[in-house]
Amino acid sequence: MGLWKFSSNSSTSETDDYDPSRLLNIERQGSFDERSLKELSFRLNKAALDDYDVNYSPRSWGHSSPFSSPRSSFEYHPMVADAWEALRESVVSFDGEPVGTIAAVDHASEEVLNYDQVFVRDFVPSALAFLMNGEAEIVKNFLLKTLHLQGWEKKVDRFKLGRGAMPASFKVMHDPSSKRDTLMADFGESAIGRVAPVDSGFWWIILLRAYTKSTGDNSLAESPECQQCMRLILTLCLSDGFDTFPTLLCADGCSMIDRRMGIHGYPIEIQALFFMAMRCALGMLKHDTQGKEIIERMVKRLHALSYHMRSYFWLDFQHLNDIYRYKTEEYSHTAVNKFNVIPESIPNWVFDFMPTSGGYFVGNVSPARMDFRWFCLGNCVAILSSLATEEQATAIMDLIEARWDELVGEMPLKVAYPAIEGHEWRITTGCDSKNTAWSYHNGGSWPVLLWLLTAACIKTGRPQIAMKAIELAETRLSMDSWPEYYDGKLGSHIGKQARKYQTWSIAGYLVAKMMLDDPSHLGMVSLEEYKELNPVLKRSYTCLS
Ligand code: GLC
């Protein structure tokens, strides 16, 4: 590739850094992303090899060295072939064209609910697997179909939803008499609890960038329809309101955890996805009259959001100790305990859980309420989007290693830790019998998270962690028929009401394998640190120490 040309109206050729120099017409030698990926590959191969020599036998890895041909090693594990077969079975077509994958192909289950639909968030790992395998058509069709759905009028009873809202899922219905296919979409108006999926729009933007990166086809992202779709999604999130924080205020259950679990307010998952989607959009939006205003807003928001997250959501041993000693009822600009967090509200488990070296972004921060729970997706996306500084990313990986039994156990990976129980469970979940302690979203283990862990491991140069997790999954995932989730403190049991042949469990495994074999795939889902945030980072670090 070598020389990349940036111009003021065509921005999709450079989809990564939101470097202010892009606002000018400049040319520069190579891209930061490209260079750093080469370095990364080198670091990774070396780390993998060092670790491989110590911990992995050629039999378990399936070939003699991580340096040998990626394709052959990847195809070696029998579970990979199984996974591809199962993934292909989940593909749905519209008028003969593949447009997505349904959530689960569980023939044995009597209760289909909405698992026969194409979920936007569930399709992401499927899409990545197809892109990595050179099959981009299904991804393009999916992006166009969901973009089209965004244009629908969306209503819950008599209330009209924002124009930019994207569906949680859609279903293709076939009319045998007319031989025509039609679509039905759910924007939250049919969902359990009637919550709109805030994450869908973000995943759509992230996937558009992944498609562009992987295929080199800029024309889709540059099309007026895609430009408008991005603007509408972002306008919804960037509109002025009564907010005093740059984080996005959300209802409970508006993301992967799609039912009441006490994540209302400012959940880490949404904040990390919001950050990542803005950074992806910044690389793809044209600097034309309509794009310019939203770009300016995004740049400001990104600065404020990264400062806020890195300062107030970050928790490590030192910061925990600071909170433990907080004074309360402070007034004025000099307050240290800005959100009036009362130290008695720190749950006991945090003191045992926090290693001396390591840290993570907590689940939620709002007035007098810090949710100290660990959420896997938000922390991994924080690493991939570089919302986490390099030090923070390393600390997150240190924590995963130090708390392996708690976060990985027998089956990767805990969606949230720890589970809530007893009275707290009754109040927080509204007595949700599916989300009992150590089940489903309440401390259950979700194999889909493997791909996010693997990507984060590669980015931080710690592939051995991903290898260990994948090995665990390989002991039983396929034998257990690809469950949606596992239950128990260690994730030892197939989930109480888990679907079998859950598509994103299958695709998540494939993506993890392919990425480890060829770490250059990471570029599809990873962004480097935005250099302009560095001064901010130093300030926020000083205030934590
Ligand atoms: C469950 C999950 C949700 C997922 C859906 C389809 O509701 O909580 O994240 O999208 O199933 O798999």
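Hi everyone, let's start with charge pairs: the count here comes to twelve salt bridges, where a salt bridge is a side-chain nitrogen of Lys or Arg within 4 Å of a carboxyl oxygen of Asp or Glu. A quick word on the source: this is a predicted model, where local features need pLDDT of at least 70 and side-chain atom pairs count only at pLDDT 80 or more, while totals for chains, interfaces and linings use all residues. Residues are numbered from 1 along each chain as its sequence is written, and side-chain values use heavy atoms, with hydrogens and water left out.

Now to some of the pairs. Arginine 121 and aspartate 199 meet through their side chains in a salt bridge, at 2.6 Å from N to O. This pair links distant parts of the chain, 78 residues apart, with arginine 121 in helix α5 (residues 120-132) and aspartate 199 in helix α7. Helices here are DSSP runs of H or I with at least four residues, numbered from the N terminus. Arginine 121 and aspartate 199 are buried, meaning under 20% relative accessible area, with exposed being over 50% and partly exposed in between (1.4 Å probe, protein chains only).

Next, glutamate 401 and arginine 462 form a salt bridge at 2.9 Å, N to O. Glutamate 401 sits in helix α15 (residues 390-402), and arginine 462 lies in the loop between α18 (450-459) and α19 (463-474), 61 residues apart. How accessible is glutamate 401? Glutamate 401 is partly exposed, at 39% relative accessible area, whereas arginine 462 is buried at 13%. Asp398 joins Glu401 and Arg462 in a network of salt bridges.

On to the cysteines. How many disulfides does a search of the whole structure find? It finds zero, taking a disulfide as a pair of cysteine sulfur atoms within 2.5 Å. For cysteine 237, the nearest cysteine sulfur belongs to cysteine 250, 8.6 Å away. Cysteine 376 has its closest cysteine sulfur in cysteine 380, and at 4.0 Å that is too far for a bond. Cysteine 237 is buried at 10% relative accessible area, and cysteine 376 is buried at 1%.

Cysteine 237 also brings us to the pocket. Among the 31 residues that line the largest pocket, the closest to its centre are Leu236, Cys237, Ser239, Leu248 and Leu249. A pocket is an open set of points on a 1 Å grid over the protein atoms alone, where a 1.4 Å probe fits, with protein on both sides within 12 Å along at least five of seven lines; lining residues have an atom within 4 Å of a point. Helices α7 (198-215), α9 (224-238) and α11 (289-313) each supply at least two lining residues. Thanks, everyone!
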